[in-house]
Structure formats: C-alpha cells, structure tokens
Amino acid sequence: MRLKNKIAILTGATGGIGEATAHRFISEGAKIAIVDIQKEKIEKLAKEIGQEKALALTADVTDAISIKKCVEKTITHYGQLDIAFLNAGIEGDVAKITEYPLDSFERVMAVNVTGVFLGLKSVIPPMQKNGGGSIIITSSLGGLRGQSKLAPYIASKHAVVGLMKSASVEYAVDKIRVNTINPGPIATRMIESLEEGYAPGSSEIMKKKMERAVPLRRYGRPHEVAELALFLASDEASFITGNCYPVDGGINAI
Ligand code: NAD
C-alpha cells in the first residue's frame, strides 16, 4: 500500500495511460479525483472503481476556472491533496511546419502547455498547506528529442519540461516534488492516431515500422507507464525532483 492515506488528482484520466494509472494508484491505497473532458467516460470509470474511492470531474484543462474548481471539489471531498498527475494531452495534426494549421498549433499548446500550467497553479497551494506533495507531468520522449511532422506536439512536450524544472526549484522549499515522465510509443488511442497520421490507410504497416524502431521491438503498455508514475508519486521517490524519466523501450539510447 504505497499510497495509503494519499489523495491524488489525475487529468486525462479516461485515456490509455490515465486510466491505467488511476487503477494502479487505487490498488496501492490512494483515493482519487479523476478529471477528463469526456463526461460519460469519466463517470463510467468512477463507477467501475467505486464512488467512495473515485470522484469523477468533467473539465477542459485549458479552462482556468474549471480546473481550479476541480481542485477545490477534491479538497472539499477528501480534505487534502498529496499527488497530481497532469497527464491530459493531444497529439494535434501530423504535418511539416510549413503545412501545419495555426489553429491546430494553438490547440496543442493550449491543452498540453497551458493545461499543465493551470494544473500547477491550482494544485500547488493545497500542497503547500498540506506540507508537501508530488506532481508528475506526462511529457514525452518528444520532450527530449525532435521528430518530423509533429513540431507543435514536440514543442509542447519540451515546454512542460521547462515548467517542471521551474516548479521543482520554486517549490522545493514547500517539499513539493515535480518530475516528468517521458514515454516512448505506448499502445493507446494516441499512437493509433499518429500511425494513421503518418501513413493514412496503412496504419498497420506504420505500426510495424514504429515497433521495429524500438530497441525492445514493441510499444510500451499503459501499465508500464503507470508503474513509473506510481514510483514518482510514492514516498520511495522522496529525494527525486526536477527530472525527466523516459519509459521508452530504449529509444533514447539510440
Ligand atoms: P489518450 O488519447 O488515450 O488520452 C488522453 C486523455 O486526455 C483522453 O482521456 C482525453 O479525453 C483527455 N483530454 C484531451 N484533451 C483534454 C482537455 N482539453 N481537457 C481534459 N482532458 C483532455 O492518450 P494517452 O496515450 O493516454 O496520452 C496521455 C498522455 O501521454 C498525453 O499527455 C500524451 O501526450 C502522453 N504521451 C503518450 C504517448 C503514447 O505513445 N501514447 C507517448 C508519449 C506521451
């Protein structure tokens, strides 16, 4: 029970990585508030987990007022906040910079960067009151390296590494640890969408090609990312802050 008596808030909680992490946090004794833009899915997940352990909250992470309210509801419901998993994200379009639509660039930045910034602004004050906490931001391997036809996504995932590093320095004094996880390709809706974006109509071929590019020769599974998030959330990571943690089957070593 590595998260016994801990309260966690998770965004993007109905997605592949978010849902796996919600279940993993619960299995280690946490109680959770789960946030997503998809109302029906988030309510279904809370029912599955059990409503005494999971509070369902519908919000768009780009909406400052909604996100502040989600955190307030979490505190009212559970009385404290120890862990935040800022994980909501979108991939945007697959196109070179010269062809990339500006509105799509702006939406990627709003969800992936502004969403994390607003999450930090809302979760830090209750953690300060609480005497500490752990914040885990889902960046990407794309937050450490470049990739063709995905510049806005890659830029957004680099940007949250900057937010993480700044927050970790600013709030170390309050015993708030802040880290990013940096997944390589993980088998979720998002990677399927990217396969289709890179090779319209031939996503299976693209999948094989992308898997071959991983030293471990496969995509990661959502629960393999959840294990890393769990470790960083837990007191076992008590001296770990201000860093990026790839979970990528070895890609970053190439
Ligand atoms: P996913 O699409 O399954 O999950 C994303 C979740 O975020 C969904 O539940 C979606 O409804 C939610 N969301 C999107 N926009 C939102 C908004 N404005 N407000 C609130 N919720 C919103 O994909 P995933 O793979 O589980 O992605 C989770 C995180 O992991 C993302 O930040 C993604 O960029 C990152 N990531 C994924 C991979 C991968 O290969 N799957 C690799 C590296 C990083």
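On a 1 Å grid over the protein atoms alone, a cavity is a set of points where a 1.4 Å probe fits but cannot get out, whereas a pocket is an open set with protein on both sides within 12 Å along at least five of seven lines, and lining residues have an atom within 4 Å of a point. Grid points are joined across faces, edges and corners, and a volume is the space filled by probe spheres set on the points. The model on your screen is predicted, so that local features need pLDDT of at least 70 and side-chain atom pairs count only at pLDDT 80 or more, while totals for chains, interfaces and linings use all residues. Residues are numbered from 1 along each chain as its sequence is written, and side-chain values use heavy atoms, with hydrogens and water left out.

**Stop 1**

Two or more lining residues each come from strand S1 (7-11), H3 and H4, where helices (H or I, at least four residues) and strands (E, at least two) are DSSP runs numbered from the N terminus. The lining of this cavity has eight nonpolar, three polar and no charged residues, with Ala, Val, Leu, Ile, Met, Phe, Trp, Tyr, Cys and Pro counted as nonpolar, Asp, Glu, Lys and Arg as charged, and the others, Gly among them, as polar.

**Stop 2: the largest pocket**

Next, select Tyr153, Thr188, Met190, Ile191 and Leu194, which lie nearest the centre of the largest pocket among its 48 lining residues. About 1,300 Å³ of space lies in this pocket. Colour helix H1 (16-27), strand S2 (31-36), helix H4 (102-130), helix H5 (151-170), helix H6 (189-198) and helix H7 (203-212), the elements that each give two or more residues to its lining. The largest share, five residues, comes from H6, and by class the lining has 24 nonpolar, 16 polar and eight charged residues.

**Stop 3: the ligand**

Now show the ligand, which takes up the space of the largest pocket, in the sense that more than half of its atoms lie within 2 Å of the grid points. Of the 30 residues around the ligand, Asp36, Asn87, Tyr153, Ile186 and Thr188 come nearest, a residue being near if one of its heavy atoms lies within 4 Å. For polar contacts, which are pairs of N or O atoms within 3.5 Å, select Asn87, where a backbone N or O atom lies 2.8 Å from an oxygen atom of the ligand. H6 gives the most to the shell around the ligand, with three residues, and the shell has 13 nonpolar, twelve polar and five charged residues.

**Stop 4: the second largest pocket**

Finally, select Val71, Ile75, Pro125, Pro126 and Lys129, which lie nearest the centre of the second largest pocket among its 13 lining residues. This pocket holds about 270 Å³ of space, and helix H3 (64-78) and H4 each give two or more residues to its lining. H4 gives the most, with six residues.

Note on methods:
A polar contact is a pair of N or O atoms within 3.5 Å; within protein, one must be able to donate a hydrogen and the other to accept it, and residues adjacent in sequence count only if both atoms are side-chain atoms.
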